[in-house]
Structures are given as C-alpha cells and as structure tokens.
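I opened a notebook page for this structure and set down what I looked up, in the order in which I looked.

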Number of protein chains: 2
Amino acid sequence: MANSEQMANAIRALAMDAVQQANSGHPGAPMGMADMAVALWGRHLRHNPLDPHWADRDRFVLSNGHASMLLYAVLHLTGYELPIQELKNFRQLHSKTAGHPEVDVTPGVETTTGPLGQGLTNAVGMALAEKLLAAEFNRAGHTVVDHHTYVMLGDGCLMEGISHEAVALAGAWKLGKLIALYDDNGISIDGQVAPWFIDNTPKRFEACGWNVMGPIDGNNADAVDKAIAKARAPNGKPTLIVCKTRIGQGSPNRANTAKAHGEPLGAEEIALTRAAIGWPYAPFEVPAEVYADWNAKEAGAQAQAEWNQRFAAYRAAFPELAAEFERRMAGDLPKHFAQTAVDAVVDAHTKGETVASRKASQLALEAFTAKLPEMLGGSADLTGSNLTNTQSTAPLRMDAKGAVVKSEDGHIGRHINYGVREFGMAAVMNGIALHGGFIPYGGTFLTFSDYSRNAIRMAALMKRRVIHVFTHDSIGLGEDGPTHQSIEHAASLRLIPNLDVWRPADTAETTVAWGVALSNRNKPTALLLSRQNLPYAPKRDLGNISRGAYVLSEPADVGLKKKAQAVIIATGSEVQLALKAQRLLAAKKIAVRVVSMPSTTTFDSEDVKYKKAVLPTGVPRIAVEMGVTSGWWKYGCAAVVGIDTFGESAPAPVLFKHFGFTEENVAATVLAALKRK
Amino acid sequence: MANSEQMANAIRALAMDAVQQANSGHPGAPMGMADMAVALWGRHLRHNPLDPHWADRDRFVLSNGHASMLLYAVLHLTGYELPIQELKNFRQLHSKTAGHPEVDVTPGVETTTGPLGQGLTNAVGMALAEKLLAAEFNRAGHTVVDHHTYVMLGDGCLMEGISHEAVALAGAWKLGKLIALYDDNGISIDGQVAPWFIDNTPKRFEACGWNVMGPIDGNNADAVDKAIAKARAPNGKPTLIVCKTRIGQGSPNRANTAKAHGEPLGAEEIALTRAAIGWPYAPFEVPAEVYADWNAKEAGAQAQAEWNQRFAAYRAAFPELAAEFERRMAGDLPKHFAQTAVDAVVDAHTKGETVASRKASQLALEAFTAKLPEMLGGSADLTGSNLTNTQSTAPLRMDAKGAVVKSEDGHIGRHINYGVREFGMAAVMNGIALHGGFIPYGGTFLTFSDYSRNAIRMAALMKRRVIHVFTHDSIGLGEDGPTHQSIEHAASLRLIPNLDVWRPADTAETTVAWGVALSNRNKPTALLLSRQNLPYAPKRDLGNISRGAYVLSEPADVGLKKKAQAVIIATGSEVQLALKAQRLLAAKKIAVRVVSMPSTTTFDSEDVKYKKAVLPTGVPRIAVEMGVTSGWWKYGCAAVVGIDTFGESAPAPVLFKHFGFTEENVAATVLAALKRK
C-alpha cells in the first residue's frame, strides 16, 4: 500500500532542495500541490514513462508553470528519463530542468508554460483535438482515441483574461474529458489575494457550462482522488475541481505566505521543514520504498500494451484508417503533398486572377483542405472577412449531448468559430498542434495579432506548426481607420525568432506561402493578407518564390536593354506599385529591377550566393511597404517608402495618395536615391 | 413630451444613411441600440454639448466602437460641434466622423474604441479615477466630483478575455457608479452566437461582484430608462443591464441577421426601412421637433452652471484644493516639477549607486511620488519585482462598503494591486489617463508587454500619458528562462508610433527617463529595466541624457589621445559592457567612443546636427543590446552584438557568456568591423 503522505513529501523535499541548490525558483506551489499530484499522477494519470509519445496517453498541463519542480519531481519519481542529476541541475544551462517546463526539452512535458493562462488554454486545445480525433477515427468496437486532459492551474491563470476565453470555449465545446485542478491557495506574489481577486470562481465556471466540484481539501490526496474519479465519469461537461491548499505546505514558517512563492526557503527553514514533515533524508535522497510507490513504468507499459493490442485489432479491421491515424499523429504530410502544392501554384499562375490576397488564400485553402484532412481551420468571428472557410471545411458543431456533429458521409466539421477570442484561438491552436493529429490555422485581422502575440511567440518557442491567417494587413483596409490598420505589425511579427512571416503579392505567392506554411514542421507561420484586390504579377519563373524573395521583373521586361541601376524591393500589395514605378522610370530610361520579397524571414535564411543574386551590390535598393520603415535598413536600403505614423479613416485609394503610396512617389524616391549615390 | 420612438428613428436613419453614403460601416448595432441611446442620452446622461471637457460630466464609452454612427448621431442630435455635414462625411479623410470613434477627433468622444473589450476596461479606469478623485477632493458639504461612467458593449466585448479582467477589477474596486449596458442581440459577424457563446453572462458578472439587471427589452426606451434609474441608486457595486435587442432593428429584411452588422443596407432596404419605421424624411434630414427633443444644450449648460456654483463655493472654502483640482484635471505638472526632476538626477549622479535599474526606478519614484500626488502606480501582481511601490504610495484599498480607505492624515492609497491582469492594467491606465486627474503607471515583466500590447498601442494612438514599467528586460533575468526573457520586445515596442521607449543604463539615466515620461504629456512611455545590478557609469555631463543618446565616454577617458576610430552604441545593461570593451581596445591602442542610447525613439526625433555630433560619419558603429539585431541597422551599424534566438534558462552570468555578451566578444566585433572597413 502506497504511503501517500511520503509520496507527497518526496515532491516537497525535491522541490525545496532543487530550488535551494539553484538558489532560484518557486518552492511554494510544488509543496502546496504535492498531494494533488499524488492523487492525479499516483492514482489516475494514464501514461507510460518509457514512451512519453504514446498517442493515447492522458495529457497533463501545468498551467502555473513556475511550479515546474512539481512536474520535474513526478516525472523523475514515476520513471521518466529524468535522472536525479537533472534535478540537481535545476535551472542550469542545457539541463533538462529549465526554470519553466519546456516541451521537447524534458520528456513528459506536454507544453511550455510560464506565461499564465496559456497552459489552461493549451489544455482546451488538446482536449478538443482528442475529441475530434475520437470522432474521426474511432469505430464501433474500436476505441483507439480515448484519453483525458488534465490541467493544474493557480489564481494567476484565473485572473488572466485568456482564462475567460479558454473556459468559455471549453464549455461551448462540451469538453467532457477535460479536468482542471485549481490550486486555490489564496496567495499570489503580492500577498493574500482577497483585495484584488474577489471572483466566485465556481460560479464563474458554472456560468460557462462547466461542472464544478469543491472546494475540497487539496492537501488531502484521498479527497482529490475521489473528486478526480467523479470528474472522469462521463457528464458532457469539462470539470473544475477547486482544491483548497496551503502554499509551501510543510514549511513551518513559510507556509501560507507570499514569501513561499518565488525564493528558496533557506537552509534553516528547509531543516525545519524536513523535521516537521518527517523526511529525515539527505537532499535529493528518496528512499527506495517511496520510489517504489511512485514507479509508474510497469503500469504504464501495461496500459500501453493493452492499447497496442486494441490498435492492432483496429489496424486489422481498418488498415487504411490505422495508417492514416499514424501518419496524422506523426505529423507527416500525405505523400501527394508536394504534387498538390505544385499543382495549386501552377493553377494559380495559369489563371492569373486579380483577387485580394485573403481571397487568394481561400483559393489555396480550397486546394489544400480538399486533400489534407488534418487541416483544422477557424476564425475569431471574422470568417467572412478572413476567408478561412472552404468547401471542405464545414463549421464544427457539437450536438446537445456534446457529441461532434458529422456530415452524412461521416466527416467532422473542420472550421471552428472561435468567437471574438484571438488570444484564446492562438493558444488553443498551440494545444491542438501539441496534441497532434491536426494542423491548426485560424484567422483574424492583422492588427489584432497584438491580442494573441504571446501565444504566437509560444508556438515559435515550442517549434509547433500553427498557421495564423492575418488579413486586412495595412491601411489598404480603408475606412475602419487607425484602430484597425496595421502599421507596425508586419515588422513586429518578423522580430519573433522562429516565426515565418509571409506577405504575398498575388495568388501564386499566396499559394506558395500556404505550401511552405504547411511544410514548416517546426515553426509557426503568419500569413499577412490584403483586404483589397491585387492584380496578378506575371512571373519569370515560379521556383524561387519559396526562397522568400526573387527577381520579379528586370529592365528587359519593360523594354530597357541595360543592367538595373536600382532595385525596388516590395512586399504584398506594394509589389504592384513597384512594377508601376519601374515602368514610369523606364520611360525616363532608368533601368530598375523589381524584387518581390514575400518573406523576409525565409529570405534571411537563404545562402549568401542567392541573396547576392537577388540583391546585387553596388546598386541602390529602395524598399516599399505600407508599414514602419525600421526593419528595412538591414537590407542596405538607400530609402524606404513606408509609414511611421498611425493610419487614418478614409477609403483606401485616398489613403494611398495621402501617405505617398503612389507610383510617382516611389519613382521619385528611386530618382533621389540615384542622385545621392 | 419627447417622442422617444422618433428620437430613436433619427439615430437609425442617420446610421443607415451615413453608412450608405460612405458605402462602408456598421448600421446594425446603432439601429439595434437606438432605444438604449434614447434612454441614456435622452434621459440620464449629465453632459454639456457646448463644453465636452467639463470636469464633472458623466463619462460615456461605446465599447463596441464599430457602432460609431450611434455615437456620432447622438453627439450631433444633442448639440455637440458635429454638424450634419460631418455625418455626411462619415469615414472620409480628416472628417470628424472616423470609422471608429476617436478621442480628440470628435467632440464628446471620451476614448478611442474598436479593438473589442478595451472600451469597457477604459470605462473601469474612468470610474476608478472618479472614485479616487472624489475621495481625495470632496469635502463635507462640498461634492465637486460626482459623476457616473456609462459604457455600452456587445457580445464581442464580452467574449474577449480582457473583459474578464475588467469585470473582476470593477467588482473588486466596488465601482458603484459604473453602469454597463449590454447590447445582447445574439448575433456576431459569424452569425447567431449560440454555438460559440454559451456564457450565462448575468451569472458571470454576479460571480465577480456586480449587480445585474435584466434581461430587459432593449428596444424599449422606457424599460432601459427605468433600469438605469435603478442602477444609479447607490448600491456599492457596478451594474450590468442586459438589454435584449434586435440588430438592425427597423430593417424589414436585415434585422436580426449578421448581414446587418457590417455593410450598408442598400438603397432598396433603406427605403423599406424608412417606410417600416415611419421616417418619411430625406437622407440626413431630421425634423425640427426631433432635434428639439434631442437638444441637450440648455439642460447641459444648466447642469454645468449648477456645478460651477458648487465649485465656486468649494474654491471659497478650500482655495488650495480647488486650484490643485484644476491643475490635476488640466494635466499640468506642479510648478516645482522641473526642479524636482533636476534634483533627482543630480542626486542619483552624486550617489552613483550600483543597483538594478528596476531599483533605480524605485529610487526615482520615491522622489517623484513624494511631490506629485497625481502619480497613481501599480503592478500586475509583481510589486516586489517591479518595484513600483514607494513610501508615498500605500496600497489602494476599499472597505467593505466600497469606500476608499484613507490613511490617518487623509491620503488615499496610490499603489494598485492589479492582480495578474497585464492587459486589463494597461487599458485601465488608459481609462484613468483619459478621465484626467492622475498620471497612471504600472509594472509587469517586459515579456508580458505582449499581453498588453494593443492597449499600449491605443495609448499611443490616443496620445495619452501612461507609463509602463517593464522590468526583467532581457536574458539578464536568468533562470526563469526563455518564456520570461525578452528578446524581441525592446525592438518591437520601438516600432509603435508615438510610444517613447527608454532602456536606461544606471540611476541617472533611469531618473531622467522618469522625468521625461512624466513630461510626455501627449504620449505613453515604456521604461525597460533590468533585474540585475548595474554599476553607475560616470558621466561627462547630465544635460544630454534626455536627448535619448549622448557621448558617454571618449578615447581620452581611457587614456588615448586620438579621435575615435569606432563608436560603440549600447543601451541599458550593455552600456557597462561597452565601457569594458572600450578599455580592452584602448590597451590595443584602438580609440573608441561609447554612446549610451537609452531612448532610440527620443534620439530619432533629435535634429540632424546633434545626431551627427553623437554619431560622427566615417567611423564604424557597433551596437550592443541583448535583443534582436533588426532595429539597429538604421543607425548605419557595421555590426550588431545581439540575440536573434530565444533565451535559455540559466544563471545570468552563464547566459551572458553563452550568448556572447562579453567584453572580449564586443571588442573582437569592433576589431572585425575595423578590418572590414
């Protein structure tokens, strides 16, 4: 019989010892939540420490990521590849025990957390992915997708606005297999939360369609165990279990104080704590019987073996489905993908349509979604504006009992109405990508990327394939005015490491951008798309678009038989302007090359030779983009036609003139640069 | 007796006519909310159309800003300086009727709205400002601050996460004079909201300490009138009135459809609507009797005259308080401010302390908060980390009845525990600044500026003095790791137009930055501050710091009698590194100038002469900053020592070495640049 008290104390001791050794970290939350962890990880969580990637494992998210030592302790104790030496190296360079949990760094960590509220939202995405995969792949008598998503969270997560979006979406989607354990310790960094946190949290969750349990004694593993067992019973609603705990539980002088939150207890208090909780062992020493009580390797292997057997039966009955499931969970694109992508680009090129790039995106999506069932789209209440819906992607709906509604031929809806919840959408998409089985994409206006910015950053940090469709990408949206007009957003998104940003000029470029985004296995992509129509730009060849920048037009294309005296670099809607300016200048016998640069981030990673071929040295470069000029100087530009102020409310053509986005001004800027040379 | 129906129809007609004329805009919400506007603007709102800046006017916020024509219509009808010609020019360049309401553009518009959820949060800030000013300035028998804050909002605002932060704060602060009218029309852009918006909104607001009324018939002005009257009765809680309405009310074929939301009704449907509602007048024609019913000029003048009388009595009894109130509402700094600022900088310089710049900020704050009672600080649950609290700023607290708790000598708390609500804090601060009477500042970690980013942008767009204290500004925060380490944030904030960004290097620079921020009457400021200690950098003079960049050290300062061969530009914590590299290079007889550039945004607006004096031409420039390199090339740098990847979790000194932030690497980079030259 396991000794729950000592199991919990093992977490407490490891947490306080590791934080002390690192002289940095958060002991209070792991100590307070230790009994919750005993109940969940010791009695419920279905996982296999020796195969952290088992497709049907339960997912666990520690939304209050600063409690990382709780997670590292249970991963170590249950048998993951996380030896005690790693705990001793807590928060050291290249250890597997970073300050906050990081996916792909530590085996068993499902998502990177720390920025509060997002872990909960990732969990909502994971639970949605499970529900949709189950609806899509399970067959009568063959349940191959069937796992829970558990999330632990604190007051901080619940104060963050994004928690409202997450809670509302989980309720609307009736995520019955999502179970949240709330570490209700009444303390945040600033102290007892009462003066600034008066929410009736149970009532708030009930208002959003959740099943709520408690408050229960969160420092009693049996009580938590019982609540989890009850929450696991099917009821068609997500469940919140309110666990009253004491931060720093076990520490005689720090428990229930804000001081327990974010600093080491100190040698003296650690000694007092050891005595108080009855843990006479040396730092980082865990007795064999406690290891034995925690060990989950055997049970995990058995659970997975049982599933393997079930999956074998499924494979026998539905070989194609089984193969498809494995492909999807592996994140591999279908074999036909390369051809599909080429066909779509050639088709766009052949048609040469004049459409807005948001429409070009929809055209590309028609081609891709018809052939990639893993594509799961959506929009933050702007479907008709973002054009993320297609013929193949019916709206996702749940029936009254919470089951996923299917079409007559058995397909699930693959377009999500996220509501006006940009940040929630982005963090849910991260959760979907982390779960596996889908490639999520979602739309809003580019300016509102501000709302979701940190979740975009998290996708980049976690190296996950999430595709953001940002339409209405400049003053070209016109009358909605400066609150809606992106000025700094393209430049600002390009600054996020490992985020691919595309601002395509026409249908072919947009289709290439989608192809690259889908192939970007280890990074998110932001597609910046116009509201207004853009003529097709005739191309010398299609092969170099995917390199992020290419020579679109040479002096010869406008009847000049000499080498380019200047290069105009343009992106998106401004490529047309560049071409017109090129023609204006040609009339004055000035030879100009036009470079279309739909993706600076992609071009930046090209080899030097290609870069030089596109942007020859010794010739002035002039960039044209309807946004801040700051980012263009790194390309050695002599001048930039841009906007460094906010926009205005007026029809787009009026604004283009007002802000100097005319072929005459671009041509004049080139001439001035040539004179200065 | 006013004809409420025709008053409402005037709004409907003006909204549909203006949208039709502009061929752009949102007729549905104004038409649906017209009766709510009749009740509020026609029967309750205390305002004077001829003096939109009257200090004690009720504040009104249209949080669903796309319904701008509702606001323009009532401003026009009640008698503001907004002639019918402006309504005919709806959404045209430089009209007073922008696509979304913009403060300072249209008389009577209190805040710029459009990005959903923020208007509600601005309103919370306004109501808080009113409550605090009342507590500070009112005296027995002299009530000079006593007005309501009204906000209208839609489903979209309520789906946004920030609404949770706003609602929770309003509840915690017991803002009894905040009245929110919810336009509950059940429709958003994607259609009937039921599948993705299942919130029980009344229950949700009750859970956060609000008084909730309704649902009532929002298309019945009398019903709304009664609810507002009831809400105005003192009850110590903010009130939500749920008004069931029909979007596009009056339009036979568009009412209650998503199509009414964001496009003109079309000539035919407008004609049908005119007939249906009994409005036989030409476009933009309003009959005199309807104008008469709406006219609020006389009542407004009378209300203000009554207040003027009260204020005169107040001035007679408390002349200093009255003068102070007027100064505060005008946003003027105290006369002693310039001296206070100079003294603080000289003091910092004289002491030359080695402290973290977050601590330097607290030292500066001690000086300023002691003398500027308008400074109203706070932190998003990181007070002890952001160091935004001072001796003069006790925590803001409300008693059980909702009254502001005062110290024994009568002072209100001036440090707000915002809880873990970064976006909410930023938008509340915008509301406080818009209301007037305070200069708000608030702290969080720099990385979490991502959460509040759009509210920072809105402050910049609205030209409001809001000060963001962003600490833990780089990998220098160490072990918390990449989720918490800012990489792209300094560069990215610098891209927002009209936002001043400072990253000071020591106590003197930090104090200057605070002085500039407080003086920046028409713009917000972001102060980026270190977690780690920074030695004081000896200065040749203090006068140029405020210009954003200055020569900190010349070759002569390190014993070299020749002109600089290279310039190292550094900001914040990297200034020390630059000075050390300068010394290393001096040992090799390489003469280097070190330029400290705490504010690129300020320096960018300097005159060419000063810029050239600081950054001489013909000498290679090398920038050093622990962040993305992208923004530095505009200064013509030959090289940049920066980080273009995410950070790592480890002690700061280890990270500095790992990422190449060593004096050796900076020196080597300078040498390489000199060789290439």
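Which residues of chain A does the UniProt annotation "domain: Transketolase-like pyrimidine-binding" cover? I noted from the record, an unreviewed entry, that the annotation covers residues 355-536 of chain A. I kept in mind that the model is a predicted one. Over residues 355-536 of chain A I found the chain to be 36% helix and 17% strand, with the end C-alpha atoms 8 Å apart.

Next I looked at a helix pair. I read off that helix α14 (residues 337-351) of chain A packs with helix α15 (residues 357-371) of chain A at an angle of about 160 degrees, and that their axes are 10 Å apart.

For the contact itself, I listed F337(A), T340(A), A341(A) and A344(A) on the α14(A) side, which meet A367(A), F368(A) and K371(A) in α15(A). I sorted the residues of this contact into five nonpolar, one polar and one charged.

Last I turned to the two chains. I found 97 residues of chain A in contact with 97 residues of chain B. Between them, chain A and chain B bury about 7,900 Å², and 59% of that area is on carbon and sulfur atoms. Looking at the chain A side, I saw that Y451(A), R457(A) and F646(A) lose the most area to chain B, and that together they make up 9% of what that side buries.

Key. Residues are numbered from 1 along each chain as its sequence is written. Chains are lettered from A and ligands numbered from 1 in the order in which they are written. This is a predicted model: local features need pLDDT of at least 70, side-chain atom pairs count only at pLDDT 80 or more; totals for chains, interfaces and linings use all residues. Side-chain values use heavy atoms; hydrogens and water are left out. Axes are lines fitted to C-alpha atoms, for helices over the stretch in contact, and angles run from 0 to 180 degrees between N-to-C directions. Helices (H or I, at least four residues) and strands (E, at least two) are DSSP runs, numbered from the N terminus. Contact means heavy atoms within 4.5 Å. Ala, Val, Leu, Ile, Met, Phe, Trp, Tyr, Cys and Pro count as nonpolar, Asp, Glu, Lys and Arg as charged, and the others, Gly among them, as polar. UniProt positions are given in the numbering used here, feature names are shortened, and annotations may be inferred rather than shown by experiment. Buried area is the accessible area (1.4 Å probe) that two parts lose on being put together, summed over both.
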